[in-house]
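Colleague: Please take one part of this model and look at it closely. I would like one connected account.

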Amino acid sequence: MGKQLINTLTGGDKLTLSRVLTQVENNTAAGNAALEELFPHTGNAHLIGITGAPGCGKSTLVNCLALNLRQSQDVQTKPRVGIIAVDPTSPFTGGALLGDRVRMRDLSGDEGIFIRSMATRGALGGLAHTTAAFTQVLDAASYDIILIETVGAGQSEVEIARLAHTVIVVEAPGMGDDIQAIKAGILEIADILVVNKADKPGAENNARALRTMLEMAHSPGSYAPSRKHLLSSSPDKSVVTDVQNNEKKWTPPVITTVATEEKGFNELLQAIEDHHNYLKSSGEWEQREQANLQLEFEILIRDTLTMRWIEKLPPSVYESTMRDLYQRKIAPHTAVEKLLAYNK
Amino acid sequence: MIYTGLRQTPEMIAETALQEDVDIVGLSILSGAHNVLVPQIIEKLKQNGQGEVLVFVGGIIPKKDIPDLLHAGVTAVYGPGTNTHQISEDIIKATQRPPK
């Protein structure tokens, strides 16, 4: 991959794009070199996360959203749409069946849409370790909007809030009671709430319950967690900032859709545009970008340090410490201390 | 493994193979149109610069059609009742990667 990689990608070479993504996903030297070259060309795309429980219609919603994004604009300003669909890797077999594309067949044949599936490869939190890097490659390849569909396991999908500029949380009627929605903790990360399958009974109740909850969470002076606490290392400080910036605060809209019939998508597109404008005008766009990069950096430095340290450690020492651990001679914390001390 | 769902056109299959940077395309065909569709898919893969991608075919394929498919560039053809272990072993062998 030569120095002109950026030109090749912006020129629309999909085979190169696809192969770069594979290298990045496999964390190869070539992949890292590509990221290094592409990184100065990133920071333009609007990253939109789509999360929600399995079966609520995420993939169908992404399909419909991408179609509408490509239809609603005139030819000159039509955004190019990248889609990253994350599905889980089986913890038992290590294999993964990635099936999100099944619901995205309408997008086939559109030169301005690029869909890539990803397996989590053991990562928790609804994304794979290299999802952030994927967004950078697509961003550099001049995809204007990147839709990131998370695994949808439900209760631990907070990673997306750190990566995306706009998080859409999808719910559907008949998927557990209102308490589930509160418990899931995913309400806090929502910038836009969608009640999909709105033609099903209970959808109106569902939307009303969400609106009520949002009103409580977003009332002035409320100490309900906003997603800013995910972005800052100091939650107390962010609450103060919230109160000060109250006038500019974003209240997530609740939108009802029927993705299979393309209903409600004008409203959803409008909400996305509104949120984009809000992020830009409030300065939160910058904040989120910085928090995202900081997190990526911190994870990377942790992984790199661990790798370098393990490389220096003789396997026999590691194994004997593990044996002591298995036989419960030493506690995990002591085992860590012992191994770290060995290296000194 | 990426599952595309049923009733895909050769264009759709080649597009998916391209975007996902696959090593192998596995086709399941029951319609009897394999003699037409399979060479089309292989041709489209080549057009996209993915001539090295292996194509495996499974389904209701008459024995007499198998030589033509292999000649068109198919790596292996499987009939009904094939043991899945056989197929996964063949895939591992074809890609020369040790099983995990």
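Modeller: Start with the largest nonpolar core, which has 76 residues in this predicted model. The members that touch the most others are A:Ile48, A:Ile83, A:Val137, A:Ile146, A:Leu147 and A:Ile148. In general, nonpolar side chains tend to be buried together in soluble globular proteins.

Take A:Leu147 from that list. Neighbours within four places in sequence are set aside here. A:Leu147 is then in contact with A:Ile48, A:Ile50, A:Val62, A:Leu65, A:Ala66, A:Val81 and A:Ile83. Another core, of 17 residues, lies apart from the largest one. Among its members are B:Ala14, B:Ile41, B:Ile42 and B:Ala76.

A:Gly112 touches A:Val81, along with A:Arg70, A:Lys78 and A:Arg80, not counting residues up to four places away in sequence. A:Gly112 sits in the loop between strand 2 (81-87) and strand 3 of chain A. This glycine counts as partly exposed, because it has 16 C-beta neighbours inside 10 Å. From A:Gly112 to A:Glu319 the C-alpha separation is 51 Å, across 207 residues of sequence.

Now helix 2 of chain A. This helix covers residues 14-25, twelve in number. From first C-alpha to last, helix 2 reaches 16 Å, close to the 16 Å expected at 1.5 Å a residue. Its buried residues are A:Leu17, A:Ser18, A:Val20, A:Leu21, A:Val24 and A:Glu25. Seen down the axis of helix 2, these buried residues fall within an arc of 160°, so they line one face of the helix. The general rule is that an α-helix has 3.6 residues a turn, so residues three or four places apart point the same way.

What do the buried residues of helix 2 pack against? Within chain A, the partners are helix 1 (5-10), helix 3 (29-38), strand 3 (113-119) and helix 5 (131-140). Helix 1 (10-19) of chain B joins them. Just after helix 2, A:Asn27 takes a positive phi of about 60°.

That brings in the interface. Here 21 residues of chain A are in contact with 17 residues of chain B. On the chain A side, helix 2 and strand 3 each supply at least two residues. Helix 2 gives the most to that side, with six residues. By type, the residues of chain A that touch chain B divide into eight nonpolar, eight polar and five charged.

Terms used: Residues are numbered from 1 along each chain as its sequence is written. Chains are lettered from A and ligands numbered from 1 in the order in which they are written. This is a predicted model: local features need pLDDT of at least 70, side-chain atom pairs count only at pLDDT 80 or more; totals for chains, interfaces and linings use all residues. Helices (H or I, at least four residues) and strands (E, at least two) are DSSP runs, numbered from the N terminus. The expected span of a helix is 1.5 Å times one less than its number of residues. A residue is buried if 20 or more other C-beta atoms lie within 10 Å of its own, exposed if 12 or fewer, and partly exposed in between; C-beta atoms are placed from the backbone. The arc is that of the directions from the helix axis to the C-beta atoms. Two residues are in contact if their C-beta atoms, placed from the backbone, lie within 7 Å. Ala, Val, Leu, Ile, Met, Phe, Trp, Tyr, Cys and Pro count as nonpolar, Asp, Glu, Lys and Arg as charged, and the others, Gly among them, as polar. A nonpolar core is a set of buried Ala, Val, Leu, Ile, Met, Phe, Trp, Tyr and Cys residues joined through C-beta atoms within 7 Å.
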